[in-house]
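Student: Could you walk me through reading the charged contacts in this model? I'd like the general idea and then the cases.

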Amino acid sequence: MAVKSEPVAASDREIVISRVLDAPRELAFAAWTDPQHVTHWWGPRGFTTTTSEMDVRPGGVWRFVMHGPDGVDYQNKIVYLEVVRPERLVYRHSGEGETADVKFQSTVTFDEQGGKTRLTLRLLFETAEERDAVVEKRGAIEGGKQTLERFAEHLADTAAREIVSSRVFDAPRELVFQAFRDPDRLARWWGPKGFTNTIHEFDPRPGGAWRLTMHGPDGNDHLNESVFVEVAEPERVVFEHREPVHRFRMTLVFAGQNGRTDLTWRMLFDSAEECARVREVVAETNEQNFDRLAGELATRDPAGEAFVISRTFDAPRELVFRAWTEIGHLTRWFGPVGFTTAARENDLRPGGVFHYQMRAANGQEMWGKWVYREIAPPERLVFVQSFSDESGGTARAPFSDTFPLEWLSTVTFAEHDGRTTLTMRAVPLSATETERKTFVGMHGSMQKGWGGTLEKLAGHLAKGRAE
Amino acid sequence: MARSPTTADAFNAVAEPRRRQILDLLARGERSVNDVATALGLAQPQVSKHLRVLREVGLVSVRGSGQLRLYRLNAERLKPIHDWVKSFEQFWNESLDRLDDYLKELQKQETKHGREE
């Protein structure tokens, strides 16, 4: 393969080798920095490589042994100085033991050239003599060229068998990782548009099983079975997808910087033919899947508020506001399913009270009240809500004594194109000493508490549209 | 004597989005202030301020000293919040479902009356 416009050594202390690779630079960079890839190509022909540790970040170390065709083992150590994914690596290479005299600094650059990569390897020695010695004694230039040939072959083989997709998410990688790691959340976004999931088993440890049924929009169910190979929170997940139909190894890499996450998915198939058959479809479904992940992360958006519920109704604002404020309407919808609400009046003024009783079919009774703070028709209602008793006093929640005694509810009504978006915000009010308690409970995950209503809204609206 | 934190104080502490983000992070494991700042892309003094509030309401505790102070989540303190939020959401989701049906019904009747006139 002819190489055009090869870079030239800047000095006599330098060796420069370059090659154009028929692969995108994300893949090239990954193949240069992943121990599972490296073992397939590192070193001149006839050499194999075993990695004992590889930590690709500034200050990190890659320790490996090269097994020569002559049966001799060569210890090597690389210390990374600069890591700029996917364009640049700078590291210091030193031999150990036998090859301790071999020391140089490498700069590897990956330049994008229309879907291909111009890879340039610059080896910088301390003196011209050392450089010359390495070229003569150790055949460094020839060795370097062979290494790049093997790298190109490996990439070609991998690229033909692999589908790579990536996207940047506006959230720290710990949180993006958690969106995968928590099966309750994962079930909400995994898969292409229109699919829902039931996760039967999720054991994210090497050898652990992941079994789920994906429910397609056409009504068909697909049982998926995978086995985890590696789970390194918060940066990497590798699993083997076994069923149905295709077998592939999927690698999820979460690269984080400054509160954002560069997420890369790689699916490596057993053969190039199999990969080619599904490449176009999978590339598209990966993008849909990223869309869904973005949606899931957005519903946990910390810029949103803790206790907010929002809903859009296909009705003008004046009507919605009347439904909230006229006693004849209010008692017809307010309250949970299975309860009837009764109230004598709604005293709609600051300080006024809406005192109501909710009765279940089985006779169970609950009382509540709203004490108004602000009324601004047709756009806003502010009231203090609490449980109550028959006489209209403030009472504790009948089923929990850790619930706040009172909470301030702000309801806003915004109209757009004849539809009304209602937003309800609640904040528990600072209370008296009677609130103080010691809480004994389960160790719970924070994330179960927030939001979560928006997806119900989407489902509800879809239901509404179908009617 | 300083007032002891109440449940409502913890609720109010978590109403602030940055503090929720910090608690999400600490749920994964102990962190120093600097780690939290780096992971979330926030300034260190801002993180310190939020952690102080979270400590005051008992949602977070700290061990160690100097550079090695490690903050951790007191997850059991979240249960009342979790319980209330779940209950609050369910109550209002159901009520708003009923409101949606009710509004549809109301508008259907109004159209019918309009046509009859």
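Tutor: Let's start with Glu287(A), which is partly exposed at a relative accessible area of 30%; partly exposed falls between buried, under 20%, and exposed, over 50% (1.4 Å probe, protein chains only). This is a predicted model, in which local features need pLDDT of at least 70, side-chain atom pairs count only at pLDDT 80 or more, and totals for chains, interfaces and linings use all residues. Residues are numbered from 1 along each chain as its sequence is written, chains are lettered from A and ligands numbered from 1 in the order in which they are written, and side-chain values use heavy atoms, leaving out hydrogens and water.

Student: With which residue does Glu287(A) form a salt bridge?

Tutor: A salt bridge is a side-chain nitrogen of Lys or Arg within 4 Å of a carboxyl oxygen of Asp or Glu. Here the partner is Arg167(A), with the closest N and O atoms 2.8 Å apart. Arg167(A) sits in strand β8 (residues 162-169) and Glu287(A) in helix α7 (residues 272-299), both of chain A, so the pair ties together parts 120 residues apart in sequence. Helices (H or I, at least four residues) and strands (E, at least two) are DSSP runs, numbered from the N terminus.

Student: Is Arg131(A) buried or exposed?

Tutor: Arg131(A) is buried, at 18%. Its side chain meets that of Asp132(A) in a salt bridge (3.1 Å, N to O), and Asp132(A) is partly exposed at 34%.

Student: How many salt bridges are there over all chains?

Tutor: The whole structure holds 30, including Glu374(A) with Arg380(A) at 2.7 Å, N to O. Shared partners also join Asp34(A), Glu162(A), Glu230(A), Arg236(A) and Arg266(A) into one network.
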